[in-house]
Amino acid sequence: MLLKWIKILLTLALSFLCLFYALQNIANVDAVFGVMSAVMGMDGHQYYPQTFAFNVTQPSLVWFAATLIIAAEFIAGLVLLFATWRLLGARNEGVVFQAQKYWVLVGAGIALLVWFGFFQVIGGAFFQMWQTELGDASMRGAFIYLASIALITWFIYQPERE
């Protein structure tokens, strides 16, 4: 039963991670726009100045990307909060508890799409954000989040020995 409680609390912590970052991004929305404008505009690319990619400088597209990221963080956090509730309700039932971990996978999958798909793949590989100090710091942070989410989700999904 102790492992179930640990997994429930870790799911809740993952939910808070996603929700807190979404709220921080809203609280700092002008800074988010500035960072994303620099990344998507491909400013300061000195290491690999030639690219097959294209830069994005239209403010409406930058706002769309920022909104998409923040919305996905919120959705991931809310799904993980729902998963916490489902795990809590099923904590006394082994097979049902394992089945409710599906929602952990859905929420964590959305979070991984944010910090791996958006930051590492689109930001890092397409927009080459690693070439600037600001972009590199964002990529490092995103890697910490995605690695934590993946490792914790793997642990949560393991069946308990009853």
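The model is a predicted one, in which local features need pLDDT of at least 70 and side-chain atom pairs count only at pLDDT 80 or more, while totals for chains, interfaces and linings use all residues. Residues are numbered from 1 along each chain as its sequence is written, and side-chain values use heavy atoms, with hydrogens and water left out.

Let me start with helix H5. It has 25 residues and spans 36 Å from its first C-alpha to its last, close to the 36 Å expected at 1.5 Å a residue, where the expected span is 1.5 Å times one less than the number of residues. Several of its residues are buried, among them Gly-135, Met-139, Ala-142, Tyr-145 and Ile-156; buried here is under 20% relative accessible area, exposed is over 50%, and partly exposed lies in between, with a 1.4 Å probe and protein chains only. The cover over the buried residues of H5 includes H1 and H4.

That brings me to the nonpolar core, by which I mean a set of buried Ala, Val, Leu, Ile, Met, Phe, Trp, Tyr and Cys residues joined through side-chain atoms within 4.5 Å. The largest one holds 35 residues, and Met-36, Met-40, Trp-115 and Phe-119 touch the most other members. At least two residues come from each of H1 (2-27), H2, H3, H4 (94-126) and H5 (133-157), with H3 giving the most, 9 residues. Setting aside neighbours within four places in sequence, Phe-119 is in contact with Ile-69, Val-114, Gly-124, Met-129, Ser-138, Met-139 and Ala-142.

Now to helix H3 itself. Which residues does Thr-84 touch, not counting those up to four places away in sequence? They are Ile-8, Thr-11 and Leu-12, and Thr-84, which sits in H3, counts as buried because its relative accessibility is 8%. Ala-71, also placed in helix H3, is partly exposed, with a relative accessible area of 32%; Ala-71 and Leu-19 lie 52 residues apart in sequence and 9.9 Å apart in space, C-alpha to C-alpha.

I will finish with the contact of H2 and H3, whose residues divide into 12 nonpolar, 1 polar and no charged, where Ala, Val, Leu, Ile, Met, Phe, Trp, Tyr, Cys and Pro count as nonpolar, Asp, Glu, Lys and Arg as charged, and the others, Gly among them, as polar.

Note on methods
Helices (H or I, at least four residues) and strands (E, at least two) are DSSP runs, numbered from the N terminus. Contact means heavy atoms within 4.5 Å.
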